[in-house]
Amino acid sequence: MAVSIRGRPIRSVRMRGRNDSGEENVPLDLTRDPSENMREILQNVAKQQGVSNMRKLGHLNNFIKLLCNVGHSEEKFGFTYEEMIICCSAMSGTPRKSLALPMKK
């Protein structure tokens, strides 16, 4: 007799799924203004302390989801592509220019 957990055979429980990499699932509210979502994503990805690498990966996934949902329009995001890349490169430790994110109007 096969042992099961909540109706699933143990063998299937052991199989790794797509999100078993350890990254955190960070919610993304697509009803918010795209520039607000982008600001939140970039602030969390660029932080040197206080945000785990797994959470940063979750935010980077949201970055891609937001790009796919909104399209590739700098005007909608409130940031230039260069500013976005500079913030994202902070996670990799790549040397970058100092960047102050513009204040929300």
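Before you zoom in, among contacts in the protein chain between residues at least 6 apart in sequence, what percentage joins residues at least 24 apart? Then please take me to the salt bridges and what surrounds them.

Modeller: Happy to. First, the ground rules: this is a predicted model, where local features need pLDDT of at least 70 and side-chain atom pairs count only at pLDDT 80 or more, while totals for chains, interfaces and linings use all residues. Residues are numbered from 1 along each chain as its sequence is written, and side-chain values use heavy atoms, with hydrogens and water left out.

Your percentage is 60%. A contact here means heavy atoms within 4.5 Å.

Now the overall layout. The protein chain has five helices and two strands, which run β-β-α-α-α-α-α along the sequence. Both kinds of element are DSSP runs numbered from the N terminus: helices are H or I with at least four residues, strands are E with at least two. Of the 105 residues, 27% count as buried; that word means under 20% relative accessible area, exposed means over 50%, and partly exposed is in between (1.4 Å probe, protein chains only). The accessible surface comes to about 7800 Å², and carbon and sulfur atoms make up 53% of that. Those areas come from the Shrake-Rupley method with a 1.4 Å probe, and for residues only the protein chains shown count as cover.

How far can you trust it? pLDDT is the predictor's confidence in each residue, from 0 to 100. The chain averages 77, with 64% of the residues scoring at least 70. Among the elements, α2 has the highest mean pLDDT (93) and α1 the lowest (48). Over residues 12-17 the pLDDT is below 50, and beyond near neighbours in sequence this stretch has three contacts in the model.

On to the salt bridges. The rule is a side-chain nitrogen of Lys or Arg within 4 Å of a carboxyl oxygen of Asp or Glu, and the count comes to three. Start at R32, which is partly exposed at 28% relative accessibility. The R32 side chain meets that of E40 at 2.7 Å, N to O. R32 also pairs with E36, where the closest N and O atoms are 3.6 Å apart. Salt bridges that share partners join R32, E36 and E40 into one network.

The remaining pair is R55 with E24, at 3.0 Å from N to O. R55 lies in helix α3 and E24 in the loop between α1 (10-14) and α2 (34-46), so this pair ties together parts that are 31 residues apart in sequence. R55 is partly exposed at 29%, and so is E24, with 33%.

N37 is found in helix α2 and is buried, with a relative accessible area of 2%. Leaving aside neighbours within four places in sequence, N37 is in contact with L28, D29, L30, R32 and L66. A polar atom of the N37 side chain lies 2.9 Å from the backbone oxygen of D29. The other residue is H59, in helix α3 (residues 53-70), which is buried, again with a relative accessible area of 2%. Not counting residues up to four places away in sequence, H59 touches V26, E40, I41, N44 and V45.

One more stop is D33, in the loop between α1 and α2. At 38% relative accessibility, D33 counts as partly exposed. D33 and F77 are 44 residues apart in sequence, yet 8.5 Å apart in space, C-alpha to C-alpha.

Last, the cysteines. A disulfide is a pair of cysteine sulfur atoms within 2.5 Å, and by that rule the count is zero. The closest cysteine sulfur to that of C88 is in C87, 6.9 Å away and too far for a bond. C88 is buried, at 18% relative accessibility, whereas C68 is exposed at 64%.

Note on methods
Polar contact = N/O pair within 3.5 Å; in protein donor to acceptor, adjacent residues only side chain to side chain.
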